[in-house]
Amino acid sequence: MAELGMDLNRFILEEERRYPNATGSLSLALMAIESAAKIIAAHVRMAGLADILGQSGNRNVHGEEVQRLDLFSNDLMVRHLSDSGQFFALASEEMEEVLFPEKGRNGKYIIAFDPLDGSSNIDVNVNVGTIFSIHKKVKGTVEDFLVEGSAQIASGYILYGTSTIFVYTTGNGVNGFTLDPSVGLFLLSHPDIKIPKKGKIYSINESNYHNWDQRLQRYVDNLKAKGYTSRYAGAMVADVHRVLIKGGVFAYPADTKNQKGKLRLIYEASPMSFIIEQAGGKATTGNEEILKIKPSHIHEKTPVFLGSRDDIEELLLTMRGEVT
Ligand code: AHG
Ligand code: MN
Ligand code: MN
């Protein structure tokens, strides 16, 4: 196991060395995400000052335009990922269409991302994040994004919380790196993360209770009866990170108003499911494994249940009517 405190760049390069045929392309791709994340983290920290710094119209004291943070994060990700030359195509929550960057013409990978997840939390100084999912470029068309999540080469998230943490997988376990702001390095703080087999927390927007399927209502009623507690930040990255570390279940289900829930498959559900499964947990729509869904368009939604193995198995039994 890698030593605590190891710098993320070194970790990426050491992982690469395990594959004699690796070209270094994935390492450069991950490093481009890492540098974008550091800049987004710095801007998130300044968010509360944006109005003060930008009080003269839309410009800050440096004469730069003050942008909404989710659009800023999107532009920054697009610039860094494109400039890296490693990505043939980019899909983002903030862009209707897939982008094929000029500099990525020889790129071996494609990437889908949510540049700022939980963005409504910004106004109230609560956690936000960034999510990414990397696949191989195959045909070089939009269709390359419309494949099962199990084909992901890497996925991860950055949580801008009390500290900033970078959590990712390349299909070989999950590791977390905390940003040391004094030196600007992500340092290994959570090696080989394993999700507890069973938890005591559930994370779901319970205001939708009356629009849920009866079986889901029963599942949540049973969790309460068993003494589970509820935690909900309203930012998937923060809620899933809690579940990854402490165990339990995160859900954004379908309901009578939203037949496919709210979360997007390719840049929210699928990358988070890859992380959770690599840490020993499970991810499902309630009917099928999230990583087995083949999307038909890039902004497709899906119901999501993910977390500790025992908790998700109990959910599946309840949804099948085998638990009363
Ligand atoms: P985003 O800010 O990228 O649009 O995502 C917000 C998402 C997700 O982070 C969170 O789990 C969910 O919205 C919360 O939705 P509700 O407010 O409906 O609970
Ligand atoms: Mn989101
Ligand atoms: Mn977002």
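In strand β2, the residue that bridges to A89 is I110. Strands here are DSSP runs of E with at least two residues, helices are runs of H or I with at least four, and both are numbered from the N terminus. β1 and β2 pair in the parallel sense over five bridges; two strands pair if DSSP finds at least two bridges between them. In general, strands of a sheet pair through backbone hydrogen bonds, parallel or antiparallel. Six of the six residues of β1 are buried, so β1 is largely enclosed by the rest of the structure. Buried means under 20% relative accessible area, exposed means over 50%, and partly exposed is in between, with a 1.4 Å probe and protein chains only.

A word on the source. This is a predicted model, where local features need pLDDT of at least 70 and side-chain atom pairs count only at pLDDT 80 or more, while totals for chains, interfaces and linings use all residues. Residues are numbered from 1 along each chain as its sequence is written, chains are lettered from A and ligands numbered from 1 in the order in which they are written, and side-chain values use heavy atoms, leaving out hydrogens and water.

Next, the metal. Which residues coordinate the manganese ion (ligand 2)? They are D114 (OD), D117 (OD) and E268 (OE), at 1.9 to 2.2 Å. Donors are N, O and S atoms within 2.8 Å of the metal, or 3.2 Å for Na, K and Ca; water is not among the atoms, so sites may look incomplete. Along the chain, the donors of this ion follow the spacing D-x2-D-x150-E. D114 lies in strand β2 (residues 109-117) and E268 in helix α7 (residues 265-278), so the pair ties together parts that are 154 residues apart in sequence. D114 counts as buried at 0% relative accessibility, and E268 is buried too, at 6%. D114 also coordinates the manganese ion (ligand 3), which is 3.7 Å from the manganese ion (ligand 2).

Now the domains. The assignment, which is automatic or from a database, gives domain 1 (8-190) and domain 2 (201-319). Their centres, taken over C-alpha atoms, are separated by 23 Å. The contact takes 44 residues from domain 1 and 28 residues from domain 2, where contact means heavy atoms within 4.5 Å.

The largest nonpolar core has 40 residues, and F145, Y157 and L244 have the most contacts inside it. Such a core is a set of buried Ala, Val, Leu, Ile, Met, Phe, Trp, Tyr and Cys residues joined through side-chain atoms within 4.5 Å. α7 gives the most to this core, with seven residues. Both domain 1 and domain 2 give residues to the core, so it lies between them. Not counting residues up to four places away in sequence, L244 touches several residues, including Y157, V167 and I275.

Last, a sheet. What is the order of the strands in the open sheet of five? The order is β9-β8-β10-β12-β11, with mixed pairing. β9 (229-230) and β11 (282-284) stand at the edges, each with a single partner strand, so one side of each is left without a neighbour in the sheet. β8 (residues 201-203) and β9 pair in the parallel sense over two bridges, and the bridge partner of I201 in β9 is T229.
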